[in-house]
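Student: I am new to this structure and would like a close look at a single part of it, the sheet. Could you please take me through how its strands are arranged and what surrounds them?

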Amino acid sequence: MNWTVLKALNDIYNNEFTIMRSSLINDTDIQFLIDQTGELKLGINRINAGPGFKEFYEKTHLDKFNSYLSFLETNDLLTPQIRFRESDIKILMEIKNGMDSGDLLTVRDEIVVAEETVRGVSQMFFKNEKYLEKSESLVSAVKSILLIDSLANDKDQQYKYVLQCEKPEKIVLCENLDFLKRPSRPRKHNIELWYAGGKNVAKLKFSGDVTLPIYYSCDWDHDGLQIYQMVKNILPNIRLLFPNGVKKSIIETEHKSLWKSTANNDFVSGLNPGIFSDQEKLLIQELIKNNEWIMEETNDLIEMIQNAERSS
């Protein structure tokens, strides 16, 4: 649901109707409220509130809309042209909270030093590396909130991001940025976090001699484990952290990283079985069988490391 639809629903709540526009009539959420629930009704050149709409809106949308509106106004992002999706606004709010709390300041500074690209920042915060390229206004909003003047437009960034601590005892290379946005726990446990940018791992060749124990944290899906395979070729001593997070249905979450065919007795989805322990292969096979995955951020990072150290 984008901002145009969110605002139209709020207009209907406040005024009992909104002007009919093709962008609204073609929206699946509006169509559902008209065709399935009857909470919206078509009029002459307008969309009217139907029976039960007010109660439905107050229950599911009113508080969220008011928080979105306040955020957009406070940060000078509310313009007649914006078409942000609700998920985009939530991510922008999360970035703003991270900046206000100080959790994102280190990442922000490294983005500036690294002369990060649009694609690199897109991969950090949004669905994929190309997502931000679709919207100049969204790029502008991200830069505004991060207090960044410009982002480069080339496809790859050449710097890894490091969340440092005073006395590092171990390193964790993270597939995603989430753990780096929550710095207090890893620093408390003397853990240095690295982020290379998903599949952009070639830069790890320039890491020099890694003398500390180093671990890899990732989504347990095909892409995450494939990236681990790539990293293992560059940093042979790296160890995969065994997850303790929540298994989720790939179908129900509309996840895009799919397990490959298990034909020809390939029980680990085309991955190299030689780099995984028996325990890891059993979990991979279970995830493939149930068509599930484990999101990196649902794991307890400290617990994963402690378990890995106990099994050494």
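Tutor: Two strands are said to pair if DSSP finds at least two bridges between them. With that rule, β5 and β6 qualify, for five bridges join them and the two strands run parallel. One of these links is between Val172 and Leu193, the latter being the partner in β6.

Before going further, please note that the model is predicted. Its average pLDDT is 89, and 96% of the residues score at least 70. Among the elements of the chain, strand β7 (residues 214-217) has the highest mean pLDDT, 97, while helix α8 (residues 118-125) has the lowest, 85. As for the setting, the chain contains 13 helices and ten strands, and its C-alpha atoms fill a box of roughly 70 × 50 × 35 Å along the principal axes. Of its 312 residues, 46% are buried.

The sheet itself is open and is built from five strands, in the order β4-β6-β5-β7-β8, with mixed pairing. The edges are held by β4 (161-163) and β8 (239-240); each has a single partner strand, so one side of each is left without a neighbour in the sheet. In general, strands of a sheet pair through backbone hydrogen bonds, in either a parallel or an antiparallel sense.

Tyr161 has Tyr195 as its bridge partner in β6.

Strand β6 (residues 191-195) deserves attention of its own. It is mostly covered, as five of its five residues are buried. In a regular strand the side chains alternate between the two faces of the sheet. In β6, Ile191, Leu193 and Tyr195 point one way, whereas Glu192 and Trp194 point the other way. Trp194 also has a charged residue over its face: Lys160 lies there, at 4.4 Å from the ring centre.

Strands β7 and β8 run parallel and are joined by two bridges.

The chain has nine aromatic pairs. One of them joins Tyr216 and Tyr228, whose rings are stacked, with 5.7 Å centre to centre and 25 degrees between the planes. Tyr216 belongs to strand β7 and Tyr228 to helix α11, so this pair ties together parts that are twelve residues apart in sequence. Tyr216 is buried because its relative accessible area is 1%, and Tyr228 is buried because its value is 2%.

How values were computed: Residues numbered from 1 in each chain as written. Predicted model: local features only at pLDDT ≥ 70, side-chain atom pairs only at ≥ 80, totals over all residues. Heavy atoms only, no water. pLDDT = per-residue confidence, 0-100. Helix = DSSP H or I, 4+ residues; strand = E, 2+ residues; numbered from the N terminus. Buried < 20%, exposed > 50% of the residue type's maximum accessible area, 1.4 Å probe, protein only. Phe/Tyr/Trp six-rings, centres within 6.5 Å; stacked < 30°, edge-to-face > 60°. Lys NZ or Arg CZ within 6 Å of the ring centre and 35° of its normal.
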